[in-house]
Number of protein chains: 2
Amino acid sequence: MSSQADLAPELLSELAALLGDRVSTAAIVREHHGKDTTFHPSHPPQAVVFPESSDEVCRLVQACTRHRAPIIPYGAGTSAEGHISALHGGVTVDMSRMNRVLRVSPEDLDVTVEAGVTRKQLNRFLHDTGLFFPIDPGADASLGGMAATRASGTNAVRYGTMKENVLSAAVVLPSGQLIRSARRARKSAAGYDLTSLFVGSAGTLGIITEVTLRLYGIPEEIAAGVCSFPSLAAAVATTIGLIQAGVPIARVELMDELSMRALNAHAKLGLSVAPTLIFELHGTRSAVAEQAALVTAFAGEHGGDAIAWQTRQEERNRLWQARHDVYFALLAQRPGSEGWPTDVCVPVSRLADCIDETLSDLRSCSLPVAILGHVGDGNFHLLFAVDPSKSAELAEAKDFNDRLIRRAISMDGTCTGEHGIGYAKLDYMELEHGGAVAVMSAVKNSIDPLGLLNPGKVIG
Amino acid sequence: MSSQADLAPELLSELAALLGDRVSTAAIVREHHGKDTTFHPSHPPQAVVFPESSDEVCRLVQACTRHRAPIIPYGAGTSAEGHISALHGGVTVDMSRMNRVLRVSPEDLDVTVEAGVTRKQLNRFLHDTGLFFPIDPGADASLGGMAATRASGTNAVRYGTMKENVLSAAVVLPSGQLIRSARRARKSAAGYDLTSLFVGSAGTLGIITEVTLRLYGIPEEIAAGVCSFPSLAAAVATTIGLIQAGVPIARVELMDELSMRALNAHAKLGLSVAPTLIFELHGTRSAVAEQAALVTAFAGEHGGDAIAWQTRQEERNRLWQARHDVYFALLAQRPGSEGWPTDVCVPVSRLADCIDETLSDLRSCSLPVAILGHVGDGNFHLLFAVDPSKSAELAEAKDFNDRLIRRAISMDGTCTGEHGIGYAKLDYMELEHGGAVAVMSAVKNSIDPLGLLNPGKVIG
């Protein structure tokens, strides 16, 4: 494997011959591509390339493999665990120019896109078809990156994660060969489920260049509502009750007081500064009315206030955009800070305990920290606003995260519900998976024996 | 790898020491375990063992691996592509005594069962909880076997297949080590998706000894209805319209005239002998009423007759049991015959074409053949009733199946929607998956380098 210093000049020449001016070694470009949206420091690659087709990806991967250069796929740069850090140098493959929607079939409720298409771009494209793609991690991530990290987000409680919504992927292997993980049938029992193997592999097994995704009809009615509670525990209890009653909520997002203060400051929504749930309901008009009545009843039992349901798209969009901006709004309250987001997920029956023990632990925390999350799945985030130049702050956040992860795993949960392992959570793989880690390593070695694909991620 | 003749006496002694009288070499037991429910001839193993715990499975696998004996997992014996054939002899591991429900969590809507628990046993166990497990391949298969074959069946159009409904599996590797593929959180982005890798691997990567499954609340209302159509094409067009309109049908099953005749003869239901759809709708009372109105309207547009919706459980059970018995009812109409079920699945937009071209092809068929299927997924079966002693009949069915599979794959479909590859469809792996087959082989070799686990299946 190359070290940071020695990308072969011949490789650069080959890449330039292949891609022309779509190869960059400019410091600012390299620096940008080595840093994600969190506190992780930049680990820049030695070069960044911008392919425009799967065929170009095949050829550039062949060149990198021939020269034993690490290959790091890059979507929109919105991952959170150092997935895109070029820990061992090498070539970052920026997929943003592969941004075409290749086909859409309203009859089959599916679409095939190049990996660089972002989720918002796709939904704009789909607008006139009456269909939409529901997975929404907040950021306007690329769909290839979302597949690679097995992303989910606010809609997962009803529509699942990328695991359930990628039907097939085109993948370039370390050899430079292009394969398709599956055909386009809705289901198949033909051999191993390679689609699911590549989804969540974070570029360590191959570079996803195209994905075929499930689509859904835009519901006849969509209603969003905000509900304040006397305590976080009351909000969590409401969520658990609704999930256990099987109410098919599309989204249910928990926000604590600090998050609400930031949200108000950012978006001028004038909402109560209290533990809050934001709901969204999808269905026919009567189904949404039924669900809304159940939500109101459950919330009321736990001291939630009245909910003014919003069905107009502009109002709903404003609310969700504000929710998605909370990350940056929180950081804006402490100029110079960067985010350290945690990401545990536990069985819903343990969510109240997990949040409760975490709140106790946080009493001694000296850092600004907000709690928010996709509680319908048992997934919640702490967001620490840290000054990355202060090692004591990083150490404090690290310790809280460490205890949180051990707590979640002891409750049969996971260290990461949706962000992934990247390199930052490698230490928890053994704790979470035990002997299964050796199986993952064997799979990695069988597909990428030279260890060139996104080295240092997922598998240590 | 052992040939049929040479199972080591030392291995038999070790197995007897481990399992006592739960080791059998009786011809009738071996014969029974070498044959599935179709025309495939029996390939008996040299011994059959009946473990009662994951620990026993670990130990017996260690013994088999030490002696290089093939290991063939066996659930309820209801697979369809020779999955359980001991092609190279060896030891069949009958999981039927591992039939305990280990835990259930109504709060988390999940359950953990040993691999030998059958789907009907589980649903009887769950009855008082108000929950159910929806995946229903017809036969009363074991849940371990359903996971191993990535089964689906009549409810998949709404609830997905085993792929979407197995949260985690305990798996014994060829080394005898027991691993868990994932923890119990509803979602996780921690490393490779081993659960999905083992689901559908047909015992070629490990022996599944426990599965944790998603459960669902029993709907407030369930309505089933039967609708006759003037032609198969009209029934298919109705299905496609409903799926494309996003109507959340729980089941929609196509049956042709021959199937209906057999169903009537078997179950005395007195239904019209015509191309037919059987529907089932799940939801709240008002949601089911909405769906029923849509189904009636779509069916009416295509010449379907009036639907008498049945909401009483006994009537619904009678209907579905009859549907599930069609396979044997059809064979009963030709004494001495055995079934050759085909299993293609295509994108729903191609379903009408695929069935139409298949009907044209079948005009020259000399064998009794019925058409039935889970058309909401684009999955349908031909059922040939063949006399397995007549090679000309087997050759004719093989040729029709061959053309059908090539037709489906040319439509971006799969050679198997739910039955799996076993050994009988190995020839189509390359056609369907191209270069991806080499990735599957690499994965197989990395986990089972000695090739002892269910050899000759899935990977050639």
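Where in chain B does B:Leu367 lie? B:Leu367 is in the loop between helix 13 and strand 16 (369-374) of chain B. The model is predicted: local features need pLDDT of at least 70, side-chain atom pairs count only at pLDDT 80 or more, and totals for chains, interfaces and linings use all residues. Residues are numbered from 1 along each chain as its sequence is written, while chains are lettered from A and ligands numbered from 1 in the order in which they are written.

View 1. B:Leu367 is buried, with 21 other C-beta atoms within 10 Å. A residue is buried if 20 or more other C-beta atoms lie within 10 Å of its own, exposed if 12 or fewer, and partly exposed in between, with C-beta atoms placed from the backbone. Not counting residues up to four places away in sequence, B:Leu367 touches B:Phe384, B:Ala385, B:Val386, B:Glu393, B:Glu396 and B:Ala397; contact requires C-beta atoms, placed from the backbone, within 7 Å. B:Phe384 is 17 residues from B:Leu367 in sequence, and their C-alpha atoms are 6.6 Å apart.

**View 2. The contact between chain B and chain A.** Each side is made of 70 residues, from chain B and from chain A. On the side of chain B, the elements giving two or more residues include helix 7 (162-165), strand 9 (178-180), helix 11 (285-301) and helix 16 (436-447). Helices (H or I, at least four residues) and strands (E, at least two) are DSSP runs, numbered from the N terminus. Helix 16 of chain B gives the largest share of this side, eight residues. By class, the side of chain B has 24 nonpolar, 30 polar and 16 charged residues. Ala, Val, Leu, Ile, Met, Phe, Trp, Tyr, Cys and Pro count as nonpolar, Asp, Glu, Lys and Arg as charged, and the others, Gly among them, as polar.

**View 3. Relation of chain B to chain A.** Superposition is by least squares on the C-alpha atoms of residues with pLDDT of at least 70 in both copies. The copies meet through the same surface, because 100% of the interface residues of chain B are also interface residues in chain A.

**View 4. Domain 3 against domain 4 in chain A.** Domain 3 spans 219-322 and domain 4 spans 334-450, with bounds from an automatic or database domain assignment. In this contact, 15 residues of domain 3 meet 14 residues of domain 4. Helix 9 (232-244), strand 13 (251-255) and helix 10 (257-267) of chain A each give two or more residues to the side of domain 3. Helix 9 gives the largest share, seven residues. By class, the side of domain 3 has 11 nonpolar, two polar and two charged residues.

**View 5. Strand 10 (residues 207-214) of chain A.** Seven of its eight residues are buried, so strand 10 is largely enclosed by the rest of the structure. Strand 6 (residues 110-114) of chain A runs antiparallel to strand 10 and is joined to it by five bridges; strands pair if DSSP finds at least two bridges between them. A:Glu114 stands opposite A:Glu210 in strand 10. Strand 8 (residues 166-172) of chain A is also antiparallel to strand 10, with six bridges, and A:Val172 stands opposite A:Ile207.

Terms used
Two residues are in contact if their C-beta atoms, placed from the backbone, lie within 7 Å.
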